[in-house]
Amino acid sequence: MSDRQNVSLDAVDRKLVELLSADARMTLTALAHAVGLSRTAVQGRMARLERDRVIVGYRAVLGERIEAGALGAVLSVVFNQRPCFPVVERFRDWPEIVNYYSVTGPVDAFVVVKVKNTDALAELIDRMSAVQGVGEVRSAVMLHADFN
């Protein structure tokens, strides 16, 4: 993450990031048209943004629809290792994780998860707690989602 802070983005780079944040499936041709550059120029910029870790991946964001019987929870995580980034990399791709938020204050992160049931939530908490660098994991089960 610290690498990302040292990268200088011009207006075109910021526009590309904005467009991809809204729709990660945009084609190079559509991106090129939107920023007024050639497809090749956009491809080069995208490669640089990925290399500089401004863009670290592409993913599908699923709607808030919860399948019957699914359980949503927010985990509050305290790390006992600094920097935190290497610890987060150990669980970043776990399929139960919907969103990850690094925050300030007594808690280092909030992790939104979706699991099948309470047993799966308990297993996930145990697995995350066992990750080297994780000091404490607490959970709050979601009762209702008011915003989409």
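**Fold and strand pairing in the predicted model**

Of the 148 residues in the protein chain, 28% are buried (under 20% relative accessible area, with exposed meaning over 50% and partly exposed in between; 1.4 Å probe, protein chains only). The structure is a predicted model, so to speak of local features takes a pLDDT of at least 70 and side-chain atom pairs count only at pLDDT 80 or more, while totals for chains, interfaces and linings use all residues. Numbering starts from 1 along each chain as its sequence is written, and side-chain values use heavy atoms, with hydrogens and water left out.

As for the surface, the protein chain exposes about 9,900 Å², with carbon and sulfur atoms supplying 53% of that area (Shrake-Rupley method, 1.4 Å probe; for residues, only the protein chains shown count as cover). Turning to contacts (heavy atoms within 4.5 Å), 63% of those between residues at least 6 apart in sequence join residues at least 24 apart.

The protein chain has 6 helices and 4 strands, taken as DSSP runs numbered from the N terminus (helices H or I, at least four residues; strands E, at least two). Along the sequence they run α-α-α-α-β-α-β-β-α-β.

Strand β3 (residues 109–115) has 5 of its 7 residues buried, so the rest of the structure largely encloses it. Pairing here requires at least two DSSP bridges between two strands. Strand β1 (residues 71–79) pairs with β3 in the antiparallel sense over 7 bridges, and Val 74 stands opposite Val 112 in β3. Strand β2 (residues 97–102) also pairs with β3 in the antiparallel sense, over 5 bridges; here Ile 97 stands opposite Val 113. The hairpin of β2 and β3 has 6 residues between the strands, and Gly 105 takes a positive phi near 110° in this hairpin.
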